[in-house]
Amino acid sequence: MSSVDSPKRWSHLSKVTERMGPFVVDGFEGSPLVLEAVKECRVLVIGAGGLGCELMKDLALMGFMNISVIDMDTIDLSNLNRQFLFRTADIGKSKAEVAAKFVMDRIQGCRVVPHFAKIQDFDDEFYRQFQVIVCGLDSIIARRWINSMVYNLLQLDEETGEVVSTVPLIDGGTEGFKGNARVILPGYGTPCIECTLDLFPPQLNYPLCTIAHTPRLPEHCIEYVKVLLWPKEKPFGEDVGIDGDDPSHLQWIYEKSVERAQEFNIEGVNYRLTQGVVKRIIPAVASTNAVIAAACATEVFKIVTSCAPHMKNYMIFNDSEGIYTYTYEAEKKDDCIVCSNVPKVIKFKAEDKLEDVMEYLMNEYQMRAPGIVTTTAEGKTKSLYMKNVASIEQMTRPNLKKTLQELNLVDGQHLIVADVTTVNSLTFILKFV
């Protein structure tokens, strides 16, 4: 008998799943079969960084033997202080592949399938095979994309409207000594990521006039080199952009930032801060990752086994000064463009330009590169602007300076908007004021 199947290994879990108590969900009956369900359950972990490593370890030790993991990154030296499944010899290798091998070598019988890729590389059928998806991401764009994907997977009965099939999403996030965990159940009234988008801080941008003329902070000096000096001096070639993972790029920016700081008598520019400003990162803390991963893994176990009610639905954790945690029930937006699938009305003047609409979508809905398509009176599709396809972008760029009236848009016209933050296109209704 292997260690995976031994009674001793499962004894502590048997006590949890077989006992009755005040937190057991109505109708739950403890049984060894519950453990079999855990072993067979297919769980997808998205992200194999600090939080992802903790999640994989927790899930495997809880008895989940069928895990898949997706991560597009490779291991960097700076990861080793908090991403404990990696060693110095692993630098440059795929995070997903190294983490999967480490867990399988340590926990006999556990099968972890790694995917060294982007989450956008997989289709509906791939994600539909999992019973639960749990995220340990540091990207808001990726969070919003997978959020829209799980709602794309939701299947409802056409007559009754009841849920036929859904894939729960457990999302965790950390920044320094702060973290959060949340449960999203598509079709059951829980708010999605898009409902609570305003909980995420906006992207930090410094005023151009400040970084160019009156820098006061070390960050201003780094941003000056990144935004103004790099495109001017082109240190690595005409068409070479900044690669935040290239040490030579970071070293050049760091050295030029030090020169800028000395010019204005500003202290505090160092290599780590340079890396943080260039890559828009906040240093993670291993202890925070451990707490949030434990909370997320516990929710996965509760959802799969029904041994206790799942969290409702948002937990925050802070140990900056002492330890504080709080759980509250965030509310779903009735007009959410993702989980409620309700077209939003956007109001503009006929004299406003298309670039005003673009700016509104990026500010109000935190889109990154929206592409706008509409339909003509003849029912044909017309691209107003599309940034991600070079040939179409060049062809539609003049439309940005045209007014909505010049583009023959009318009151009540539907605008179909595609963006990297969502799987499906979103519908907006144009209202003239």
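A: The C-alpha centres of domain 1 and domain 2 lie 38 Å apart. This is a predicted model, in which local features need pLDDT of at least 70 and side-chain atom pairs count only at pLDDT 80 or more, while totals for chains, interfaces and linings use all residues. Residues are numbered from 1 along each chain as its sequence is written, and side-chain values use heavy atoms, with hydrogens and water left out.

The protein is assigned domain 1 (10–176 + 284–311), domain 2 (208–279) and domain 3 (344–432), with bounds from an automatic or database assignment. Domain 1 and domain 3 both contribute residues to the lining of the second largest pocket, so this pocket lies between them. A pocket is an open set of points on a 1 Å grid over the protein atoms alone, found with a 1.4 Å probe, with protein on both sides within 12 Å along at least five of seven lines; lining residues have an atom within 4 Å of a point.

The second largest pocket holds about 330 Å³ of space, counted as the space filled by probe spheres set on the points, which are joined across faces, edges and corners. Its lining has 16 residues, and Ile337, Val338, Asn341, Asn424 and Leu426 are those nearest the centre of the pocket. Helix H6 (140–153) and strand S15 (426–432) each supply at least two lining residues. H6 gives the most, namely three residues. Helices (H or I, at least four residues) and strands (E, at least two) are DSSP runs numbered from the N terminus. The lining has eight nonpolar, eight polar and no charged residues. Here Ala, Val, Leu, Ile, Met, Phe, Trp, Tyr, Cys and Pro count as nonpolar, Asp, Glu, Lys and Arg as charged, and the others, Gly among them, as polar.

Aromatic rings come next. There are 14 aromatic pairs in the count. Rings of Phe, Tyr and Trp (its six-membered ring) pair if their centres lie within 6.5 Å; planes under 30 degrees apart are stacked, over 60 edge-to-face, the rest tilted. Phe126 is buried at 11% relative accessibility, and Tyr127 is buried at 0%. Phe348 and Tyr360 form another edge-to-face pair, 5.5 Å centre to centre with 85° between the planes. That pair links distant parts of the chain, twelve residues apart: Phe348 is in strand S11 (residues 344–348) and Tyr360 in helix H12 (residues 354–364). Phe348 is buried at 7% relative accessible area, whereas Tyr360 is partly exposed at 27%. Buried means under 20%, exposed over 50%, partly exposed in between (1.4 Å probe, protein chains only). Ring pairs also join Phe122, Phe126, Tyr127, Phe130 and Trp145 into a cluster.

Tyr365 sits in the loop between H12 and strand S12 (371–375). Tyr365 counts as buried, at 11% relative accessibility.

Finally, the cysteines. The whole structure contains zero disulfides. Cys192 is in none, and the nearest cysteine sulfur, that of Cys336, is 3.6 Å away; a disulfide is a pair of cysteine sulfur atoms within 2.5 Å. Cys192 is buried, with a relative accessible area of 0%, and Cys221 is also buried at 0%.
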